Amino acid sequence: MNYKLKFLILLIALSGITIYSQTKIAAKYDYLLYLPKEYSKETKKYPLVIYLHGGGQKGNDLNKLKSYGLPYLVEKGENFDFIIASPQCPDNKYWSTENWFETLYAELSAKYRIDTSRIYITGISMGGYGTYITALDFPEVFAAIVPLCGGINDSDLSRICNLSKIPIWTFHGTADDKISITETERIAKGLESCETKSNFKFTRLENEGHGIEYLYEKKPEIYKWMLKQTK
């Protein structure tokens with residue numbers, strides 16, 4: 001395991017924060033990688049954004065990830081000033097099933113110039129759930145998270161205050177008939193009870209349904225906000 005990651009995990013353990021991923025089986029998921037256009041010409045470190053897809057892109061074909069979201073924009077030729085890693089969740093599993101994050105993060109940290117004070121995670125639908133859950137498991141890693149139409153499991157409500165120190169900008173359609181907006185509302189309510197006042201930005205999309213993946217393309221201020229957040 002990467003030395004920095006080992007040290008980070010030790011710090012989290014000493015701080016009294018439970019890392020629930022330790023009870024999960026370690027796994028290695030295939031992923032798409034995007035490096036900024038100037039990466040090979042520079043020596044600086046870059047922010048890292050981890051993108052988690054929804055349930056329809058599970059499997060073992062990375063091309064499925066290119067149908068929407070950040071992989072779609074990369075495929076179209078969009079340029080970003082940050083590294084993007086887009087793992088693929090296997091069939092019959094969820095982002096919460098296994099500990100895929102440590103393996104991915106250790107590999108990326110070893111191979112690429114990553115600014116560890118600017119690690120972000122975003123995802124939509126099942127990936128929105130995955131965004132929250134990964135942040136719950138590793139609350140000290142992320143500088144900010146952006147979950148779209150996600151939620152958390154009932155079993156995770158007891159540790160919701162792990163999220164209170166992480167800036168969050170979340171989006172949910174009021175007419176979402178796949179994942180109810182009440183899933184995000186109960187996260188907002190839960191964070192109100194935490195000792196640490198959370199930076200929780202909740203954008204309700206009036207009369208919008210579940211298909212809000214267009215935000216990755218049409219709302220670039222998401223990235224501007226995200227990249228302003230640092231550890």
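Visitor: On what basis are the values given?
Guide: This is a predicted model, in which local features need pLDDT of at least 70 and side-chain atom pairs count only at pLDDT 80 or more, while totals for chains, interfaces and linings use all residues. Residues are numbered from 1 along each chain as its sequence is written, and side-chain values use heavy atoms, with hydrogens and water left out.

Visitor: How many aromatic pairs does a search of the whole structure find?
Guide: Rings of Phe, Tyr and Trp (its six-membered ring) pair if their centres lie within 6.5 Å. Applied to the whole structure, the search gives 17 aromatic pairs.

Visitor: Which class describes the pair Tyr39 and Tyr46: stacked, tilted or edge-to-face?
Guide: Planes under 30 degrees apart count as stacked, over 60 as edge-to-face and the rest as tilted. The ring centres of Tyr39 and Tyr46 are 5.6 Å apart and the planes stand at 40 degrees, so the pair is tilted.

Visitor: Is Trp100 buried or exposed?
Guide: Buried means under 20% relative accessible area, exposed over 50% and partly exposed in between (1.4 Å probe, protein chains only). Trp100 has 2% relative accessibility, so its class is buried.

Visitor: What charged end sits over the ring of Trp169?
Guide: The rule requires NZ of Lys or CZ of Arg within 6 Å of the ring centre and within 35 degrees of the ring normal. Over Trp169, at 3.6 Å from the ring centre, sits the charged end of Lys201.

Visitor: How far apart are the closest N and O atoms of Lys76 and Glu217?
Guide: A salt bridge is a side-chain nitrogen of Lys or Arg within 4 Å of a carboxyl oxygen of Asp or Glu. Lys76 and Glu217 form such a bridge. It links distant parts of the chain, with Lys76 in helix α2 and Glu217 in helix α6 (residues 215-218), 141 residues apart. The closest N and O atoms of Lys76 and Glu217 are separated by 2.6 Å.

Visitor: Why does the pair of Asp81 and Lys44 tie together parts that are apart in sequence, and by how many residues?
Guide: Asp81 and Lys44 form a salt bridge, with the closest N and O atoms 3.9 Å apart. Helices (H or I, at least four residues) and strands (E, at least two) are DSSP runs, numbered from the N terminus. Because Asp81 lies in the loop between α2 (69-76) and β3 (83-87), and Lys44 in the loop between β1 (31-34) and β2 (46-52), the separation in sequence is 37 residues.

Visitor: Which residues lie nearest the centre of the largest cavity?
Guide: On a 1 Å grid over the protein atoms alone, a cavity is a set of points where a 1.4 Å probe fits but cannot get out, and lining residues have an atom within 4 Å of a point. The largest cavity holds about 50 Å³, a volume being the space filled by probe spheres set on the points. Of its ten lining residues, those nearest the centre are Glu98, Trp100, Phe101, Asp137 and Phe138.

Visitor: Which helix gives the most to the lining of the second largest cavity?
Guide: The second largest cavity, of about 30 Å³, is lined by residues including Trp100, Thr103, Leu104 and Glu107. With three residues, the greatest contribution to this lining comes from helix α3 (residues 101-111).

Conventions:
On a 1 Å grid over the protein atoms alone, a cavity is a set of points where a 1.4 Å probe fits but cannot get out, and a pocket is an open set with protein on both sides within 12 Å along at least five of seven lines; lining residues have an atom within 4 Å of a point.
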